[in-house]
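Have the sequence and the 3D view open while you read.

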Amino acid sequence: MPIQPADVLYTAVATAENGRDGRVATDDGTLDVVVNPPKEMGGSGTGTNPEQLFAAGYSACFQGALAVVARREKADVTGSTVTAKVGIGKNDDGFGLIVEISANIPNVDGETARALLKKAHEVCLYSRATRGNITVTLV
């Protein structure tokens, strides 16, 4: 069920200038970056790009979800890392995204790690927001 405006605890605000070949900044100034298309897509690749920013946000959110799930399951995820690989490519509608999520969880066995990833994928806000819209693979 979607949240309502009265339920909002925080709102991030970012403004882009010149789309994929310009600048993106948050209203509080904590993020102010040049964005350029990657070389693979004909750009200069000198700045960051929306896919990298999405990967950064997704990996951070997923790491937080992993910690929530680990607390519930009494699993130790100390020292763990989560990596999000965000791919962009052409599809029938123009362009689409695909995501691969992997984690290094040194204090649990492989079976437990896979179970934690699946549960984190159910909890993560990015996973929930993109479910049914893009392919997300857990590795």
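How many aromatic pairs does the count come to?

1. The count comes to four aromatic pairs. The rule pairs rings of Phe, Tyr and Trp (its six-membered ring) if their centres lie within 6.5 Å, calling planes under 30 degrees apart stacked, over 60 edge-to-face and the rest tilted. One of them joins Phe54 and Tyr58: the ring centres are 5.7 Å apart and the planes stand at 75°, so this pair is edge-to-face.

2. A word on what you are looking at: this is a predicted model, where local features need pLDDT of at least 70 and side-chain atom pairs count only at pLDDT 80 or more, while totals for chains, interfaces and linings use all residues. Residues are numbered from 1 along each chain as its sequence is written, and side-chain values use heavy atoms, with hydrogens and water left out.

3. Back to the rings. Phe54 and Tyr58 sit in helix α1 (residues 50-73), four residues apart, which is about one turn of the helix. Tyr58 also pairs with Phe62, with ring centres 6.5 Å apart and planes at 50°, so that pair is tilted. Tyr58 and Phe62 are again about one helical turn from each other, because they are four residues apart in helix α1. Ring pairs link Phe54, Tyr58, Phe62 and Tyr126 into a cluster.

4. Are Tyr58 and Phe62 buried or exposed? Tyr58 has 0% relative accessibility and therefore counts as buried, and Phe62, at 0%, is buried too. Here buried means under 20% relative accessible area, exposed over 50%, and partly exposed in between (1.4 Å probe, protein chains only).

5. Now step back to the whole chain. The protein chain has three helices and six strands, in the order β-β-β-α-β-β-α-α-β from the N terminus on. These elements are DSSP runs, numbered from the N terminus (helices: H or I, at least four residues; strands: E, at least two). The C-alpha atoms fill a box of roughly 45 × 40 × 30 Å along the principal axes. Of the 139 residues, 30% are buried.

6. Among contacts with a separation of 6 or more, 46% are between residues 24 or more positions apart; a contact means heavy atoms within 4.5 Å.

7. Gly19 lies in the loop between β1 (14-17) and β2 (22-26) and, at 44% relative accessibility, counts as partly exposed. Its C-alpha is 9.7 Å from that of Pro37, 18 residues away in sequence. Thr112 belongs to helix α2 (residues 110-123) and is partly exposed as well, with 29% relative accessibility.

8. Finally, the pockets. A pocket is an open set of points on a 1 Å grid over the protein atoms alone, where a 1.4 Å probe fits, with protein on both sides within 12 Å along at least five of seven lines; lining residues have an atom within 4 Å of a point. Which residues line the largest pocket? They are Met1, Pro2, Ile3, Leu125, Arg128 and Ala129, around a volume of about 210 Å³. The second largest pocket has a volume of about 160 Å³, and its lining includes Tyr10, Asp27, Asp28 and Leu53.

Key:
Points joined across faces, edges and corners; volume = space filled by probe spheres on them.
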